[in-house]
Structure formats: C-alpha cells, structure tokens
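Here's a quick briefing to read with the structure open beside you. Have a look at the model, then work through the points by topic.

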Amino acid sequence: MIAFLFGLALGSFLNVLIHRLPKGKSIIRPPSHCPWCGHRLSWWENIPLLSYLILKGKCHRCHQPISIQYPLVELLMGLATYYIFLREGVSLYLPFYLFLVGSLIVVSVIDLQAMIIPDQITYPGIVVGIIFSLIIGRLISGLIGIALGGGILYMIRLIGGKVYRSEVMGGGDVKLCLMLGGFLHPMGMLMTLILASLSGAILGAILIIFGRKSRILPFGPFLSVGAVITLFFYHQIINLYILTFLR
Ligand SMILES: [Zn+2]
C-alpha cells in the first residue's frame, strides 16, 4: 500500500516532467498551476489521483478540463511501483527499475504528444544503465546490450534514410535503445526489439485497415512497452518460447 502511494507521488513528478521537458521549462519552478488560467494549485488540488476525482476533472477556478493524462500517469506509476516492490522487495534493483519504468512512461507520453524523445531523459538514462550494470557485476553484458540496441536502431536509421530518403527512425529512438541496452543487456534488448516491432506492425496494420494510414507512428511507446514486458516477464516468455517451438 505504501509502495502504491509512493508510486502515485512519483507519477505526479512524472507529469511535471511530461508537461515541462518538451518546452524546455524548469522542472522545479514555478509551482504547479493550471495551464489555462495560471491558477496556482493549493495542496488539496495537488494530491495525486484524488484531486482529479474531487475536482471532477476541471480546474477549480476557470472550470477548464484537466487532461486525463495526469491521473492515468499517476495510476500507472502507482501500479508499476507496487508491482516492482512486490517482485524485488527492498533491493538494489528497486531504484533502478523505478527509474527505468518512470523514464519510459515519460518518454512514451511525450513521444505520443510531440513525436520527440527528450535527450534530458535518454542521456542520463544511458549513464544510469551503465552504473546499474556495473553495480550488479555485469558491466560487459550491459555494454554489449548498449552496442546491440543502439547499433541495430542506428543501422535501421541509416539504411532506411538512404532507401526512403526520409527519416524512418528518429535519432531519439536510437538514444532510447542505448539507454535500454544498459538495463536489459543483449538478450533482453533483442526481446524488446522483437516485441516492439511486432506490436508496432500489428497496430500499424489495424490503423491501415481502419483507414488511418496517414499517421506516422512514434516508435518510442512500442519500445517502452516492449522493454517493460521484457523487464517483468523475460523468463516466462523464454519458457513459453521453448515449450512452444523447441520441444
Ligand atoms: Zn484554471
């Protein structure tokens, strides 16, 4: 329960990052305010999840709607924190996994909204991934993961750019995979790329069937979902694969 509440508070901070990073604003100042009327939020309007329900999704002063993104991000991070705490307990992995999942939520929402993946997340993320590999005693494995993830995406970007003469893979996606490689190492990185490509292809096909083919899909959210599934279910997926194909 405490882990869930802590996760909600983390989610609240993620919302600040999501709102301010793409615009290059400070993440510390000014204090939380309504984006419509500038009304500064008092403490009871700033409680994760609860305030959205109390305010019924509207600003207390100007009654403009508050984006559903705020409570969703808080809830998602709350549940993720609870799950990570259940799995890992108070361990070395806990802060790193929280960092990774929190970063991926921020990356996904910003990529969906603005089609960019902010360097302010991926550059520190690459460093944290290397530190993580070092601390758990698998530095070489982490570095190979980074080279593999970044290398594959860079090749796709390079070749795709030459063939189609336009950007098929953003530079942000390459940097995101450099970050992911440090946490997931070579096998996890491969699984992430497979899951991301599969889910991207399936959703892309569905969108084309329903006649929305003009929209270019950001790849960041697919990489993020693939990475989180890999992080939580790596062994189950490997077992399932062996049971299905290698018996
Ligand atoms: Zn307002």
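Which backbone nitrogen lies 2.9 Å from a polar atom of the side chain of Asp111? The nitrogen belongs to Gly220. Keep in mind that this is a predicted model.

**Around Asp111**

- Asp111 sits in helix 4.
- With a relative accessible area of 4%, Asp111 falls under the 20% cut-off, so the residue counts as buried.
- If you skip residues up to four places away in sequence, Asp111 touches Ile116, Ile117, Asp173, Pro218, Phe219, Gly220 and Pro221.

**The largest nonpolar core**

- The largest nonpolar core is made of 44 residues.
- Val101, Val106, Leu153, Leu176, Leu180, Phe183 and Leu223 are the ones with the most contacts inside this core.
- Two or more residues come from each of helix 1 (2–20), helix 3 (69–88), helix 4 (93–114), helix 5, helix 7 (171–209) and helix 8 (220–245).
- Helix 4 is the top contributor to this core, giving 12 residues.
- Both domains take part: domain 1 (1–90) and domain 2 (91–247) each supply at least three residues to this core.
- Zooming in on Val106, and leaving aside neighbours within four places in sequence, you'll find contacts with Leu14, Leu17, Ile18, Leu21 and Ile121.

**Aromatic pairs**

- The count of aromatic pairs comes to 11.
- Take Tyr83 and Phe233: their ring centres are 6.4 Å apart and their planes are at 35°, so this pair is tilted.
- This pair links distant parts of the chain, with Tyr83 in helix 3 and Phe233 in helix 8, 150 residues apart.
- Tyr83 is partly exposed, at a relative accessible area of 27%, and Phe233 is partly exposed too, at 35%.
- Phe132 and Phe183 also pair up, and this pair is stacked: the centre-to-centre distance is 5.6 Å, with 25° between the planes.
- Here again distant parts of the chain are linked: Phe132 belongs to helix 5 and Phe183 to helix 7, 51 residues apart.
- Buried or exposed, these two rings' residues? Both Phe132 and Phe183 are buried.
- Phe132 and Phe183 also belong to a cluster linked by ring pairs, together with Tyr93, Phe96, Tyr97 and Phe99.

**Pro124**

- Pro124 is found in helix 5, which covers residues 119–135.
- The relative accessible area of Pro124 is 36%, so this residue is partly exposed.
- Pro124 and Met179 are 55 residues apart along the chain, and their C-alpha atoms are separated by 8.4 Å.

- An unreviewed UniProt entry places the feature "domain: Prepilin peptidase A24 N-terminal" at residues 5–86.
- In the model, residues 5–86 are 48% helix and 0% strand.
- The end C-alpha atoms of that stretch are 14 Å apart.

Key. Residues are numbered from 1 along each chain as its sequence is written. This is a predicted model: local features need pLDDT of at least 70, side-chain atom pairs count only at pLDDT 80 or more; totals for chains, interfaces and linings use all residues. Side-chain values use heavy atoms; hydrogens and water are left out. Helices (H or I, at least four residues) and strands (E, at least two) are DSSP runs, numbered from the N terminus. Buried means under 20% relative accessible area, exposed over 50%, partly exposed in between (1.4 Å probe, protein chains only). A nonpolar core is a set of buried Ala, Val, Leu, Ile, Met, Phe, Trp, Tyr and Cys residues joined through side-chain atoms within 4.5 Å. Domain bounds come from an automatic or database domain assignment. Contact means heavy atoms within 4.5 Å. UniProt positions are given in the numbering used here, feature names are shortened, and annotations may be inferred rather than shown by experiment. A polar contact is a pair of N or O atoms within 3.5 Å; within protein, one must be able to donate a hydrogen and the other to accept it, and residues adjacent in sequence count only if both atoms are side-chain atoms. Rings of Phe, Tyr and Trp (its six-membered ring) pair if their centres lie within 6.5 Å; planes under 30 degrees apart count as stacked, over 60 as edge-to-face and the rest as tilted.
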